[in-house]
Amino acid sequence: MDEEQTGGYSDICGQCGEVDWGVSDEGRFYCRSCHNVIERTKEVVDTNTFMIGTSRVSSISKGTRRKKLEQGREWMVCEGFQFILKHQAEALLAMGVCPQFKDDVLCQFWRMYLQKSQQAYTKNPVHDGKFRLRSQGSGESDSAPESSVMSDSMMSASETDGDGDLASGGGSVSGHTSDGVSSVCSGSIDAVSYLTPRQRRNQGLMSMPKTLALCHLALMWAREAITLADLLRFVNEGHIPYVNAYEDFPEEMKVYGRDALIFRVESIPSYRHLHKEAQTLAVFLELPLFPSITLDCLLHPSLLTLRYLTEANLPDELHDWVCRIMEKAGMEESVTFEPMRSRSPLPHYDVQAAALIIIAMKLLFKLDDHTEWDLSNDASDKNKENPDGNSFNLRRWYRTMQTALTAAARRQQDNIARKLWKAQKPLYTSKKDKPVVLKRRRMAEQLQLSFQKLSGSPLAPPSSPPSSFCFRWGEGEDVRDGPSLHHQTLDSSVRQRGASLQPSNPEYWHPALRACKPRFCKSHYAEVEVTLPRMYVWLLDLFSFLLGVKPGCVYEEVLKVERRFLRSSKSQPRARATPRKTQPKKLPKCKQTRKTCSR
Amino acid sequence: MDDLESELRVPGEEQVENESSDDDESIIRKRIKKPNLPLAPPIFKETPRETGFHKTTRNCLQHIREVLLHHRWQNAAEYMASYSQTLEDTTANMPQLYAEIIWRIGTEILHHHPDSKLEDYNSFYERVKHSGVKHYLKVCLEHSFHLLVNGQFEDAKRQLSIAESWRYGKQSAGQSQRIKLIQAYSGFLNYFIWCDKKATASSTDEYDAAVNQEMHSYFRQSSVNLKEIMKLPGVWDPFVLSYIDMLEFYNDHEGAVKVLNDYAYDNSFPPNPNAHVYLYQYMKKQNHPLKKLLKVLKILHTLVPSHELMPEYCSLLVQSEKEGDLQKALGVVLDLLDYSSWRSNLDVWNHLMNIIKRLRMKKQWLKIFGEEMGCRKDWWLAIHFSTFQARKDSVENRELLEVKSFVVGAFCPRYTSMYCGVGKEARKRLTSEAQKAKRNPKQLRNIRRLKRESGQKSQD
């Protein structure tokens, strides 16, 4: 097989269905089993198109380029990640993220990362001895203008000549050539060193989940309205390249062997995992204080809760209550993130906003499986008495929401079952595997085709354009989930008392706000779930579905906000710690806070 | 009380395990706690460290099973399209299993999908064949079966010959057996061609040497393969029949009997009543002596006492002059009557009546009777001569009632009155009612009129 010549071209021959290509002397492709000559000739791709930076390297002679193309050019793993990040950033830009995001934020973060992990911008790169960057003036890279160094360091591998006079390059060049032994097991130069146990323990090296973590940090820095839950949803829906992102590499960057272990993606990281990853990455990068989230930014709880109220089809009037709670809990002033302060965790704005809404619901409707239904009866009575009345009826909302939720969950299940994970260009870990992997790919493709023909419907579920919302409420053609309840009023569940509005439900309950040891305790949700009112659990489930997190995560966040909220309102009347008889008595550390609140 | 408590605790605890479970032990514990239903263990379980890809394939398989159960073939085909990516599972420890799942479910869908055509089958089988070496021969065989069902005789034969010439690596035991089976089937198809030729040859009436030659060559090809498979233990009924048919045509009767004898009496073969049936039928056709026939049928009787050849066996025994055969015949008939399908068969009861008539003339009648009825005496009369049975017989088959009355009279006179009385009574009632109706047509008319009037009244 002259794989180097055919460049891994692996389409099926139109005549005989085999994949066994050879290249004739004129450079044309022919099938070696039926001698069918096809249109394709050996491709010569412009090496310069894959640069991020602006500077071009134009001194590549034709002869050397040809040889390089045959074997793929030399590249480094971090270069691959750079491509992936670039594509992810471009996808985000296409979604309407501000244009400075890519160059001024993500690119800076990436450079900082390269420097911190000693892969570039340093006098002694991490792969010293095996690989050293050739800088223009030897050892000047730190003082050189950043952009040129950046592109230079990325491009240095391709700049090295493949025609034998490696030493004539002046500085030290890569110790590995693509026709050396090491190239057998990986396409990139340093994949082997990437996978050594020491490097893995070090945790400074890039990985696929970390690209998303980096994007998340950059989005937060840029104060963009894409939360972590949104980012994950977009990745899941395929709007941001992640699964098989290596397919977009330029053709002469061959990915195989050990690279497969680095770039192959078989699952999308969970919210919790990514959150943790982002936090460690921020500490690793020693990022300074993040720009504060002010009221004009969509990440601010005030605006984010409004968004989730719309998503959950709750009346807009509820937002006033959410804002009041926010005020009481002291969350109005900017919440921001300072990685280098140990007591400043990376905030998750989305879960926090959901928690605020849940607390507002609890305040108004109590959610103890009794009061909310009594209030719903009142509201329906009121609506009957007064036909123009537009009172929010929790029961009606619950029914609408439940139907939509069931349908959405089924849609999600269906999408999971029909998601395609495998790439067009499959990865193989060793040369020995290659024919097997290619054959399997071909088999799967053909089977897909035949069943597709039989069912007459497209393979992947139809992808909708990226949207911040899962549900569509309202009246009109575009609606699939039911009528909108946003304009409804809360007049049946609040009443005027003195100058201010008060909820007609006089009591508030919360689970025991026990002090947890953050290191040793995991989520207590599983233990207490059975003792909680069903409506409350349902609400937790609803938001956990919307955000793609576990219900326990929302529960913990609610508790956290409740703690702040209740601490700040110590003098208030009628807040009960334990609402029901079912409250577990065995919880030892539970502080039965019978605090009085004045609202 | 304890059970209730443990049941109530389950959901919470399961979640705890979900959160923290990294070890397999907790999963096992969880499985044990589930209600003990006789379900097959799931092949693909949810594990704590499941990748997204595995989650997708697991869910997809579940969806496919669901839509298959609901006969939604269209949806099943849709899911199947995305399920084929399991073939590319890089961490698969059982790629053959995936290939097999796709093969089995895929054919099921093709069988039921309204739009599936033969081309779809062909292309599907071709692809599945190459997805895993282990299934190549099985799939080939199934493919040719499908072609045969659809009347594509030539294509089916070609599939078999492709499979015959296929070789891969070291031959495993299963593989060589499958190859033998495939050869046998190709021999079987050769027999069909032979039959065709025979039919054309006999229709033309002229002796054609060329046709005859051709027929003979097919016979040879076929017989080589068929003989080969018959050496292996197994149930080869169609193969045996076709081979015997050919041997008979070429007048090789001894060979045929030998083949049948081997097939019937080889102990390494699984017990197969048909083998004895074929042997008996062939011997009967060739006018073998009664003694030999009886010997074959005796074995068949021990294998299947309710076989449809048993009445014939019985009459043969009655015919034979040998001492003791009559008692044997009695035993055979009584055995037959133990099976519900024969219980109201007039022929069998007639046999029984004749045997009793002849036995009663002998001295040892009571002794023979005691021997045969010994194990049945508790229930035999009750099952055959109940009042319910009598009523049923009198309605369905009068002749049977009479034969049975005779039998019960011979066996147990005490019972006779009960059985016959009911029978007669029922008969009497029937006849009297019919006669009444016949005698008095006026009455009938009156009744009808009354009915009509009352109907009108209620309408008013």
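Good morning. Chain A of this predicted model has an average pLDDT of 75, and 70% of its residues score at least 70. Two stretches deserve mention here. Residues 43–69 of chain A stay under 50, and the model has 42 contacts for them beyond four places in sequence. Residues 571–599 of chain A are also below 50, with 69 contacts in the model beyond near neighbours in sequence.

I turn next to the interface. In total, 37 residues of chain A are in contact with 39 residues of chain B. Between the two chains, about 3500 Å² of area is buried, and carbon and sulfur atoms give 59% of that area. Which elements of chain B give two or more residues to the side that touches chain A? They are helix 1 (2–20), helix 3 (52–69), helix 4 (73–83), helix 5 (95–112) and helix 6 (118–129) of chain B.

As for polar interactions, 12 residue pairs are in polar contact between chain B and chain A, with both residues at pLDDT 80 or more. Three salt bridges are found across this interface. In a salt bridge between Glu78(B) and Arg418(A), the N to O distance is 3.7 Å.

Over all chains, the structure has 32 salt bridges. Side chains of opposite charge can pair when their charged atoms come close.

Lys86(A) is buried, at a relative accessible area of 15%, whereas Glu90(A), at 31%, is partly exposed.

In chain B, Glu228(B) and Lys231(B) form a salt bridge, with 3.7 Å between the closest N and O atoms. Helix 10 (residues 209–231) of chain B holds both residues, three residues apart, again about one turn of the helix. Glu228(B) is partly exposed at 32% relative accessibility, and Lys231(B) is exposed at 60%.

The remaining pair is Lys284(B) with Glu312(B), where the closest N and O atoms are 2.8 Å apart. Because Lys284(B) is in helix 13 (residues 273–285) of chain B and Glu312(B) in helix 15 (residues 310–319) of chain B, this pair ties together parts that are 28 residues apart in sequence. Both count as partly exposed, Lys284(B) at 41% relative accessibility and Glu312(B) at 24%. To return to chain A, salt bridges that share partners join Lys86(A), Glu90(A) and Lys102(A) into one network.

How many disulfides does the structure hold over all chains? The count is zero. Cys297(A), for example, is in no disulfide, and the nearest cysteine sulfur, that of Cys98(A), is 11 Å away. Cys297(A) is buried, at 4% relative accessibility.

Helix 13 (residues 318–328) of chain A has several buried residues, including Leu318(A), Trp321(A), Cys323(A) and Met326(A). Among the elements covering the buried residues of this helix are helix 12 (301–311), helix 14 (349–365) and helix 20 (551–568) of chain A, together with strand 4 (494–497) and strand 5 (500–503). Just after helix 13 of chain A, Gly330(A) adopts a positive phi of about 70 degrees. Thank you.

Conventions:
Residues are numbered from 1 along each chain as its sequence is written. Chains are lettered from A and ligands numbered from 1 in the order in which they are written. Side-chain values use heavy atoms; hydrogens and water are left out. A disulfide is a pair of cysteine sulfur atoms within 2.5 Å. Buried means under 20% relative accessible area, exposed over 50%, partly exposed in between (1.4 Å probe, protein chains only). Helices (H or I, at least four residues) and strands (E, at least two) are DSSP runs, numbered from the N terminus. Contact means heavy atoms within 4.5 Å. pLDDT is the predictor's confidence in each residue, from 0 to 100. Buried area is the accessible area (1.4 Å probe) that two parts lose on being put together, summed over both. A salt bridge is a side-chain nitrogen of Lys or Arg within 4 Å of a carboxyl oxygen of Asp or Glu. A polar contact is a pair of N or O atoms within 3.5 Å; within protein, one must be able to donate a hydrogen and the other to accept it, and residues adjacent in sequence count only if both atoms are side-chain atoms.
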